[in-house]
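Hello,

Here is the structure I promised to pass on to you. Have it open while you read, and I will walk you through what turned up.

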Amino acid sequence: MSGGVAVAQDATITIATVNNGDMIRMQGYTDQFTEQTGIAVEWVTLEENVLRQRVTTDITTNGGQFDIMTIGMYETPIWGANEWLIPLDDLSAEYNVDDILPAMRDGLSHDGTLYAAPFYGESSMVMYRTDLMEAAGLEMPTAPTWEFIREAAAAMTDRDNDINGICLRGKAGWGEGGAFITVTANSFGARWFDEDWNAQFDQPEWAEALNFFVGMMEESGPPGYATNGFNENLSLFQQGKCGMWIDATVAASFVTNPNDSTVADSVGFALAPDTGLGKRSNWLWAWALAIPAGTQQEEAAKTFIEWATSSDYIELVAENEGWANVPPGARTSLYETPEYQEVPFAQMTLDSINAADPTNPTVDPVPYVGIQFVAIPEFAGIATEVSQEFSAAYAGQQSVEEALEKAQALTNDAMEAAGYR
């Protein structure tokens with residue numbers, strides 16, 4: 001372990017993290033870490049949009065509130081380039097940094113230096129009720145089209161029994177509904193910017209993607225979908241209220257866990273849909289642990305990161321809760337483990353991660369890297385506003401056309417102010 005026993009026994013580290021199931025599970029094992037190392041851990045657990053806000057404010061003002069932050073592939077390279085994060089280039093040999101999946105390592109590095117270690121990695125995929133699909137007389141292809149998804153959603157919808165054919169994110173926030181509609185739009189041939197950084201919301205592909213999404217959700221989605229994010233849809237799916245849910249691959253263990261999910265024994269998986277243009281609507285993301293440059297507890301923080309993102313931690317969870325519940329998508333060795341290969345969603349998760357190409361995310365060429373985000377510092381602010389306009393359209397407060405007009409104007413204004421155009 002980095003630092004190992006040399007770490008002061010009375011160190012306390014403060015970690016900001018997201019209220020997702022795998023992180024909550026990790027907190028349950030923290031006592032074991034403290035026993036082994038003498039390092040106490042204080043958790044600040046926040047809803048996704050709030051977490052992003054808090055850690056961004058803290059890092060940009062050098063606030064020093066946190067010794068470890070849970071961040072992702074969007075922030076890591078940008079913050080690393082700004083020297084706001086401590087490089088993770090001296091992790092121990094036992095940690096085996098080369099075991100991290102290349103897609104995850106690349107996305108969490110700047111100039112070849114790792115700045116955050118992936119706790120779990122994900123893409124997105126279709127999770128669906130095999131029983132409802134069968135009752136509808138349909139068969140899910142391994143690689144479905146959006147047209148099939150819409151048809152199946154309509155066939156599975158049973159309003160009288162509170163079953164929605166499809167549950168999808170509509171919640172405002174660049175990493176919530178913003179991420180989902182961006183990857184959907186990619187598969188329809190849309191893009192955020194052309195090669196000269198002009199916003200593209202006035203192009204027909206965006207109108208087609210957004211109208212398709214709204215039409216499908218009005219036919220077959222849950223009421224109030226405009227405010228549903230990852231956790232809300234997870235809950236609906238686990239309660240048996242969704243025929244299909246397209247979202248993070250990491251959700252697979254939660255929907256198939258009989259302790260939490262009423263439909264655990266009838267869930268199937270497929271690749272995220274496309275429209276035949278060569279791009280599937282799946283993303284690439286890691287929730288990762290990083291150390292802000294302002295910390296007074298660098299050694300203790302590195303010791304924790306090595307513990308929480310190690311193969312040993314994966315084995316600890318497997319031993320206590322079964323292989324299906326380990327943090328997925330971060331290490332190559334996990335996918336070579338025979339017990340894990342038996343897990344029904346393991347291969348589809350890996351295939352989805354491998355199918356995502358952040359350097360080539362759209363049908364037409366773009367000047368940016370990133371699939372469900374654009375890897376520029378201004379994106380989070382712009383996309384949060386754009387996603388608010390889209391959510392207002394989902395809620396019926398304005399038309400799709402009005403939302404796209406506003407998105408076009410605000411994006412171009414912001415890019416002009418930032419000197420891109």
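Let's begin with a helix: α4 gives 4 residues to the lining of the second largest pocket, the largest share from any element. Please keep in mind throughout that this is a predicted model.

**The second largest pocket**

This pocket holds about 280 Å³ of space. Its lining is made of 18 residues, and those nearest the centre are Met73, Asp106, Gly107, Pro358 and Val369. Besides α4, which covers residues 102-107, helix α3 also supplies at least two lining residues. Sorted by class, the lining has 12 nonpolar, 4 polar and 2 charged residues.

While you are in this part of the sequence, look for Asn96, in the loop between α3 and α4. Is Asn96 buried, partly exposed or exposed? With a relative accessible area of 36%, Asn96 is partly exposed. Asn96 and Arg331 are 235 residues apart in sequence, yet their C-alpha atoms are 9.8 Å apart in space.

**The largest pocket**

How much space lies in the largest pocket? The answer is about 340 Å³. Seventeen is the count to look for in its lining: of these 17 residues, Arg52, Thr56, Trp174, Ala380 and Gly381 lie nearest the centre. Three helices each supply at least two lining residues, namely α2 (48-60), α3 (75-81) and α16 (379-394). Helix α2 has the largest share, with 5 residues. By class, this lining has 7 nonpolar, 8 polar and 2 charged residues.

The largest cavity contains about 140 Å³ of space. It is lined by 17 residues, with Glu48, Glu122, Arg169, Gly175 and Trp285 closest to the centre. The lining divides into 10 nonpolar, 3 polar and 4 charged residues.

If you wonder how such spaces are found, rolling a probe the size of a water molecule over the atoms shows where empty space is left.

In soluble globular proteins, nonpolar side chains tend to be buried together. In this model the largest nonpolar core has 146 residues, and Trp192, Met244, Phe304 and Phe390 touch the most other members. Helix α8 (residues 204-220) gives this core its largest share, 8 residues.

Leaving aside residues up to four places away in sequence, Phe390 touches Ile181, Phe201, Trp206, Leu210, Ala403, Leu404 and Ala407.

**Helix α9 and its surroundings**

Which residues of helix α9 (residues 230-238) are buried? They are Phe230, Asn233, Leu234, Leu236, Phe237 and Gln238. After α9 comes Gly240, which has a positive phi near 80°.

**Two threonines to compare**

Thr256 sits in the loop between α10 and β10. Why does Thr256 count as buried? Its relative accessible area is 18%, and the cut-off for buried is under 20%. Thr256 touches Ala264, Val267, Phe269 and Phe345, again not counting residues up to four places away in sequence. The side chain of Thr256 also reaches the backbone oxygen of Ala252 at 2.7 Å. From Thr256 to Asp22 the separation is 234 residues in sequence and 14 Å in space, C-alpha to C-alpha.

The other threonine is Thr303, in helix α11 (residues 298-308). Thr303 is buried as well, with a relative accessible area of 1%. The side chain of Thr303 reaches the backbone oxygen of Glu299 at 2.9 Å.

Best wishes

How values were computed
Residues numbered from 1 in each chain as written. Predicted model: local features only at pLDDT ≥ 70, side-chain atom pairs only at ≥ 80, totals over all residues. Heavy atoms only, no water. 1 Å grid on protein atoms, 1.4 Å probe; cavity = no way out; pocket = protein on both sides within 12 Å on 5 of 7 lines; lining within 4 Å. Points joined across faces, edges and corners; volume = space filled by probe spheres on them. Nonpolar A, V, L, I, M, F, W, Y, C, P; charged D, E, K, R; others polar. Core = buried A, V, L, I, M, F, W, Y, C linked by side-chain atoms within 4.5 Å. Buried < 20%, exposed > 50% of the residue type's maximum accessible area, 1.4 Å probe, protein only. Contact = heavy atoms within 4.5 Å. Polar contact = N/O pair within 3.5 Å; in protein donor to acceptor, adjacent residues only side chain to side chain.
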